[in-house]
Amino acid sequence: MSTSLPTSFRQAFSTNLLTLTKFRDLLKKIKRNRPNENLDLLRHAYQFSAHYHMSQVRLSGELYLTHPLEVAHILADLRMDVSTIATALLHDVVEDTSVTVDELREKFGEEIAHLVEGVTKISRLNFTTREQRQADNVRKMLLAMVDDLRVILVKLADRLHNMRTLQYLPPEKQKLIAQETLELYAPLAHRMGMGKIRGELEDLAFAYIDPIAYQEIEGEVEAKRRASEDFLKEVSSTIDEKLKENAIQAAVDWRIKRLYSIYQKMKRQRSEMNQVYDLLAVRIITESVNDCYAALGVIHHLWPPIPGRIKDFIAMPRPNLYQSLHTTVIGSNGQPFEVQIRTKEMHRTAEEGIAAHWKYKEGGPSSPADEKSMAWLRQLIEWQQELSDPAEFLSALKIDLYPDEVYTFTPKGKVIVLPRDGTTVDFAYAIHTEVGNTCTGARVNGKLVPLRHRLRSGDIAEIVTQKGSHPSRDWLAFVKSSRARNKIKHWITTNEKANAIELGKKLLEKESRRFHVAWKKVPADDLLKAAHSLGWPKADELYCAVGFGKISPRQVLAKIFPENVHEDVPEKRSLAKTFSEALGISKDGAIQVKGYGNMLVYRARCCEPIRGEEIVGYITRGKGVAVHSKTCPNVQSLLYEVERRIEVEWASGEEAYAVQLAIRTKDRPGLLKELTAAISEKTNIRKIETKVGSGGDATIALTLDIEDKKHLERLITAMRKIQGVRDVERIHKAPPSKSAPSL
């Protein structure tokens, strides 16, 4: 006698055979990796997900259910627990179906509901800009990590599968998602020590961010692949034989460096692929730490090491727990290659990162090592608490997650980890805020050095302080750590605000004398009413606005003494014109301040933004509104005072901007002819200069008339397609000298 299954059960299993097969494979994988796990939770989660995603189809044409299944497989490969994998199966039901978090809580318990809620990408708050949405999502992600690491593991697995299927999205979305992956998710995976996932995310994103460079590097690697693999097999065989002769138990493997890593190194060093010393690498996995050092001796006996290329990350692990010995040696045929030596446990940590260490019990993580592994994250969040601006938060986050660090020491031997190119000021703030605020110099390895001195791994630094000293705005131009940057900004903002209040009072007193009114006798209530009518909550805020030039003293006086003082609009225009002529600044008609007409606006000389670029305005003292591109390096140094920012936008109209470009290429006959032909059809060439260096390398400097950002991008794409062209870079003018009027 047969009985029919409940409707919901039949619907959940009415998906195609492929998803059922994937789920069965998932169960087999979990049984193999974690044989003691109870799989009933996963069966329930699969049925629930299948039911609610039943009618949904991805852009690839596959059933939507394939996505949570693939995410679950990625996590199963990391040997995660069933709660994490169940979360992967359910991670989109709240976002993409009618299911609520309360329903999940009722059916699967508090733990699963909490994890799914942490991963859900829907924001219930209304944000006005994409940058704010992104910053808030990152904040949530970081906070969720401190609360439960599994949230970010599911998020990374979700992003990895989405990147693997990115080809089905429209081109504009592909680039946006790839950029976000490269800027946030790949560095986050690195910081967590998940090298395998980070590498795949970077390569997948690279293919969409710069497809031309990706194809060129891929072509070069593939052209050399056969010879490279034969060389690595021969080297691995030699190492294996010598290790056995020395009674060292180890497994020997090899790899060719990932494409994005090659691209980054070539770009950073401005070198060719044959100058990337770790393009080819051999990995030795030993049984013990002693065997690691013994194997290093064997390698150096076989091949001569390159000086300065030996790194001991076993004695001094990276902050993301990575441990390994690295050395670069020269093979018998002159081919350099890297050798990485580590134990089995170190190798698993290198591949899977924190996921390899995290133990889940009833009370969550309890190991001291686990707590140490998350210390960097708690510190990062503590540093971000002072920041209310999303652009600053994201910029600081990217610095904190930057993959390269330097390891320095205090005179007492304490290790201080700084970002690459970190200075003695960064070192001072890493020790203590007060040390940073009062530092006047430093001794590095016993020698006096300036504050902008860049530290290198192994340096011993001692900070010289002086009571009464304070941070300088100039420090913002060279510090690298977000902690130092935030502390300097905080001190300057506080100090500048106090100065602005004093300046505002003096300006109001001076202006009141012109109209023969008694400013000092103004009642506090009248002053507060004037502040409120002009949009400022307190009298000090009003003084500050006057001091920063946001409003004129006459506007304030007109509110308090309307019978004596009137705002004279024509005079204000004349004053703006006088300022611009005196300072040699022309008003840029292509840009306007939102909500205000007739304000002096000009493009900043450091970045000279062009139409189509995102821009931000900054009220300067006596120079009007300086407009910067949001990507300008000076933005983070200058735009930290919220009260001096102002919204600006591109006005209607058409005009050409002079843009300077530098083209790095290989010199060859006919190159300049091809280049000018490709450009002259699309724009006017104002100036062109060429310089040929040694080895046939050439640099071409161009000044072109550019209409907008898209026009510039089309030109750069056309130039990069020309044979021999390696790189095309926009050149900005040098920032003004210190003798220029201060902001």
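# Reading a predicted model

Q: Where does pLDDT stay under 50, and how many contacts beyond four places in sequence does the model have there?
A: Residues 569–586 are one such stretch, with 15 contacts beyond four places in sequence. Here pLDDT is the predictor's confidence in each residue, from 0 to 100. Contact means heavy atoms within 4.5 Å. Residues 735–743 also stay under 50, and the model has 12 such contacts for them. Across the protein, pLDDT averages 82, and 82% of the residues score at least 70.

Q: What are the ground rules here?
A: This is a predicted model: local features need pLDDT of at least 70, side-chain atom pairs count only at pLDDT 80 or more, and totals for chains, interfaces and linings use all residues. Residues are numbered from 1 along each chain as its sequence is written, and side-chain values use heavy atoms, with hydrogens and water left out.

Q: Where does α11 bend?
A: At threonine 181, by about 40°. The bend is the angle between axes fitted to the seven residues ending there and the seven starting there. Just after α11, glycine 193 has a positive phi of about 80°.

Q: What order do the strands of the open sheet take?
A: Strands of a sheet pair through backbone hydrogen bonds, either parallel or antiparallel. Two strands pair if DSSP finds at least two bridges between them. This sheet has 4 strands in the order β18-β19-β17-β20, with antiparallel pairing. β18 (685–692) and β20 (725–731) are at the edges with a single partner strand each, so one side of each lacks a neighbour in the sheet.

Q: How many bridges join β18 to β19?
A: There are 7, and the two strands run antiparallel. Valine 692, for one, has alanine 698 in β19 as its bridge partner.

Q: How are aromatic pairs described?
A: By the distance of the centres and the angle of the planes. Rings of Phe, Tyr and Trp (its six-membered ring) pair if their centres lie within 6.5 Å; planes under 30 degrees apart count as stacked, over 60 as edge-to-face and the rest as tilted. The structure holds 11 aromatic pairs. Phenylalanine 23 and tyrosine 46 have ring centres 4.2 Å apart and planes at 10°, so this pair is stacked.
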